[in-house]
Amino acid sequence: MDLPLVELKNVSKAFGSQVVLHDLSLSFERGKTTVVLGPSGTGKSVMLKHVMGLLCPDAGEVWFDGRRIDTLSERELVPVRSRIGFLFQMGALFDSMSAADNVAFPMLEHGGYTPAQRADKAELLLAQVGLPGVGAKMPGELSGGQKKRVALARAVALDPDLVLYDEPTTGLDPIRADVINELINALRDHRQITGIAVTHDMQSARRIADRMVLLAAGRIVADDEPAAFLASADDDVQHFIQGRAGDDDLEAIRHGFELGDARARREGALAPPAGDPHGADR
Ligand SMILES: Nc1ncnc2c1ncn2[C@@H]1O[C@H](COP(=O)(O)OP(=O)(O)OP(=O)(O)O)[C@@H](O)[C@H]1O
């Protein structure tokens with residue numbers, strides 16, 4: 001089997017006393033899209049930041065294409081990062097630049113392209129994301145879905161081996177979301193891009209995943225190819241897939257409401273008689 005493109009080996013990370021990743025080991029196969037699912041605050045973005053070299057593990061190792069990267073300096077990380085594209089949750093285009101300049105920006109920063117090459121490639125990439133001719137538009141003139149597509153074109157401008165998708169479909173209606181899913185699949189199928197996508201959107205996960213991983217509280221709960229993952233008998237997996245709250249959450253909510261009810265009863269018992277809103281001892 002091919003060496004995985006990215007490997008996290010026994011990675012642990014804490015912020016102060018809060019342990020976010022617990023001895024996490026995960027490898028990401030080349031040319032596949034792995035979808036990492038999990039409740040909010042479970043460490044998915046922290047995991048992505050380790051892959052980008054933006055965070056260093058407290059323990060464990062991060063490997064990219066056969067090279068350990070968590071020990072590299074910022075300078076040594078530059079060529080590694082140029083092989084990784086990012087699609088951030090909000091798209092995050094530069095508002096003061098046209099769509100084409102946004103797409104060309106990584107080429108400008110990286111260097112080695114003439115202005116004509118940058119413009120040409122930006123035009124091609126915009127056409128590939130289904131937005132031919134929008135290069136001159138400013139982000140403010142684009143819809144949310146179009147902005148995401150421009151951001152995706154920018155994410156692949158340097159022909160990365162890996163693209164990290166952080167909530168790629170958040171904030172989009174189902175049709176626009178599906179365009180993004182299709183584009184993610186096209187990048188994998190036509191450009192052999194390895195994808196790691198973090199999402200809460202099960203519909204998107206089903207469309208793009210070659211593999212699904214469920215993280216909860218910084219640990220892997222399930223890791224399988226989609227059909228087996230979706231058929232898993234594990235309660236946590238089914239709760240997540242079906243969007244049902246788990247027993248612990250339900251118990252906590254029940255408890256919270258019971259407290260509220262008890263307080264209301266207590267306060268009700270002390271409440272002033274009807275008709276005298278200011279109380280008897282005014
Ligand atoms: N730089 C940081 N300093 C302190 N705490 C942090 C930092 N980054 C993340 N955390 C904490 O780590 C935990 C996991 O955060 P993370 O953003 O990875 O969650 P997530 O699974 O991506 O959630 P969501 O799905 O809501 O985006 C959170 O409790 C967060 O507050």
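This tour goes through the structure stop by stop, saying what to select and what is found there.

**Before you start**

The model is a predicted one, in which local features need pLDDT of at least 70 and side-chain atom pairs count only at pLDDT 80 or more, while totals for chains, interfaces and linings use all residues. Residues are numbered from 1 along each chain as its sequence is written. The protein averages a pLDDT of 89, with 91% of the residues scoring at least 70, where pLDDT is the predictor's confidence in each residue, from 0 to 100. The model scores ipTM 0.95 and pTM 0.84.

Select strand 1 (residues 6–15) and strand 2, which run antiparallel and are joined by 7 bridges. Helices (H or I, at least four residues) and strands (E, at least two) are DSSP runs, numbered from the N terminus, and two strands pair if DSSP finds at least two bridges between them.

D23 counts as partly exposed because it has 14 C-beta neighbours inside 10 Å; a residue is buried if 20 or more other C-beta atoms lie within 10 Å of its own, exposed if 12 or fewer, and partly exposed in between, with C-beta atoms placed from the backbone.

**Around the ligand**

Now select the residues around the ligand, namely F15, V20, G38, S40, G41, T42, G43, K44, S45 and V46; a residue is near a molecule or strand if its C-beta atom, placed from the backbone, lies within 6 Å of it. Helix 1 (residues 44–51) gives the most to this shell, with 3 residues. The shell divides into 3 nonpolar, 6 polar and 1 charged, where Ala, Val, Leu, Ile, Met, Phe, Trp, Tyr, Cys and Pro count as nonpolar, Asp, Glu, Lys and Arg as charged, and the others, Gly among them, as polar.

**The parallel strands**

Move to strand 6 (residues 84–87), where I84 and F86 point one way and G85 and L87 the other way, and all are buried. Strand 6 runs parallel to strand 7 (residues 162–166), and 4 bridges join them; the partner of I84 in strand 7 is L162.

From strand 7, continue to strand 8, which runs parallel to it and is joined to it by 5 bridges; V163 has G195 as its bridge partner in strand 8. Strand 3 (residues 33–37) is also parallel to strand 8, joined by 5 bridges, and T33 stands opposite G195. In strand 8 (residues 194–199), 6 of its 6 residues are buried, with T194, I196 and V198 on one side and G195, A197 and T199 on the other.

**Helix 3 and its cover**

Select helix 3 (residues 99–110), in which A99, A100, N102, V103, A104 and M107 are buried. What covers these buried residues includes helix 4 (115–128) and helix 5 (144–155). Just after helix 3, G111 takes a positive phi of about 85 degrees.

Leaving aside its neighbours within four places in sequence, R154 is in contact with N102, V103, F105 and P106, contact meaning that the C-beta atoms of two residues, placed from the backbone, lie within 7 Å.

**Two loop residues**

D159, in the loop between helix 5 and strand 7, has a positive phi of about 50 degrees although it is not a glycine. D159 counts as exposed because it has 11 C-beta neighbours inside 10 Å.

End at T71, in the loop between strand 5 (67–68) and helix 2 (74–81). T71 is exposed, since 10 other C-beta atoms lie within 10 Å, and its C-alpha atom is separated by 9.1 Å from that of G53, 18 residues apart along the chain.
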